[in-house]
Amino acid sequence: MATGNKNPAGAGAPKKDSQPKKKTKKIPERRCIGCGETKPKPELIRVVRSPDGEVSIDPTGKKSGRGAYICRKSTCLKRAFKLKQLGRNLNCEIPEEVLERLSEEITAALETDEGTK
Ligand SMILES: [Zn+2]
């Protein structure tokens, strides 16, 4: 029998290093260039400018280059384009035709998203 144990309360007693496995997975956050809100990265669409200057959407988030993030919302998309935030964030001029293509691609991505829900 364990007598002489001077720890009266079992509950609430702080234990050191009792559960080293407790790990909260940190989701990186990025700022939407449309509305300026910070959101978890998976909720945003990444647009990337590759080292050779090609601008495209990056569904995997793994392309190299300078990236900008937009919410999966057409309002943010339109706003970002209207205010030329995309070019500003990617630090380059983005031709109208590229913007149009991006707009179509992102809109398509939005539709796909809604379809899978
Ligand atoms: Zn947004």
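## A loop residue to start with

Asn 91 lies in the loop between H2 and H3. Helices here are DSSP runs of H or I with at least four residues, strands are E runs of at least two, and both are numbered from the N terminus.

What you're looking at is a predicted model, where local features need pLDDT of at least 70 and side-chain atom pairs count only at pLDDT 80 or more, while totals for chains, interfaces and linings use all residues. Residue numbers start from 1 along each chain, as its sequence is written.

Most residues other than glycine have a negative phi. Asn 91 has a positive phi instead, near 60 degrees. Lys 84 also has a positive phi near 60 degrees. You'll find Lys 84 in the loop between H1 and helix H2 (85-90). Is Lys 84 buried or partly exposed? Lys 84 is partly exposed, because 13 other C-beta atoms sit within 10 Å.

## The overall layout

Of the 117 residues, 16% count as buried.

Two residues are in contact if their C-beta atoms, placed from the backbone, lie within 7 Å. Among contacts with a separation of 6 or more, 51% are between residues 24 or more positions apart.

## The sheet

Three strands form an open sheet in the order E4-E3-E5, with antiparallel pairing. Strands count as paired if DSSP finds at least two bridges between them. Strand E4 (55-58) and E5 are at the edges with a single partner strand each, so one side of each has no neighbour in the sheet. From one strand to the next, the twist averages 30 degrees, an angle between N-to-C directions on a scale from 0 to 180 degrees, using axes fitted as lines to C-alpha atoms (for helices, over the stretch in contact).

How many bridges join E3 to E5? Six do. Val 48 has Gly 67 in E5 as its bridge partner, and Val 47 stands opposite Ala 68. Over on the E4 side, four bridges link E3 to E4, including the one from Arg 49 to Val 55. E3 and E4 form a hairpin with five residues between them, and Gly 53 in the turn has a positive phi of about 95 degrees.

## The nonpolar core

A nonpolar core is a set of buried Ala, Val, Leu, Ile, Met, Phe, Trp, Tyr and Cys residues joined through C-beta atoms within 7 Å. The largest one here has 17 residues, and Cys 32, Ile 33, Val 47, Tyr 69, Ile 70 and Ala 80 touch the most other members. Strand E3 (44-49), strand E5 (66-71), helix H1 (74-82) and helix H3 (96-116) each supply at least two of the core's residues. Not counting residues up to four places away in sequence, Cys 32 touches several residues, among them Leu 44, Tyr 69, Ile 70 and Cys 76.

Ala 109 is in helix H3. Ala 109 counts as partly exposed, because it has 14 C-beta neighbours inside 10 Å. Leaving aside neighbours within four places in sequence, Ala 109 is in contact with Ile 45, Ile 57 and Pro 59. Ala 109 and Ile 57 are 52 residues apart along the chain, with 9.7 Å between their C-alpha atoms.

Note on methods:
Buried ≥ 20, exposed ≤ 12 C-beta atoms within 10 Å, placed from the backbone.
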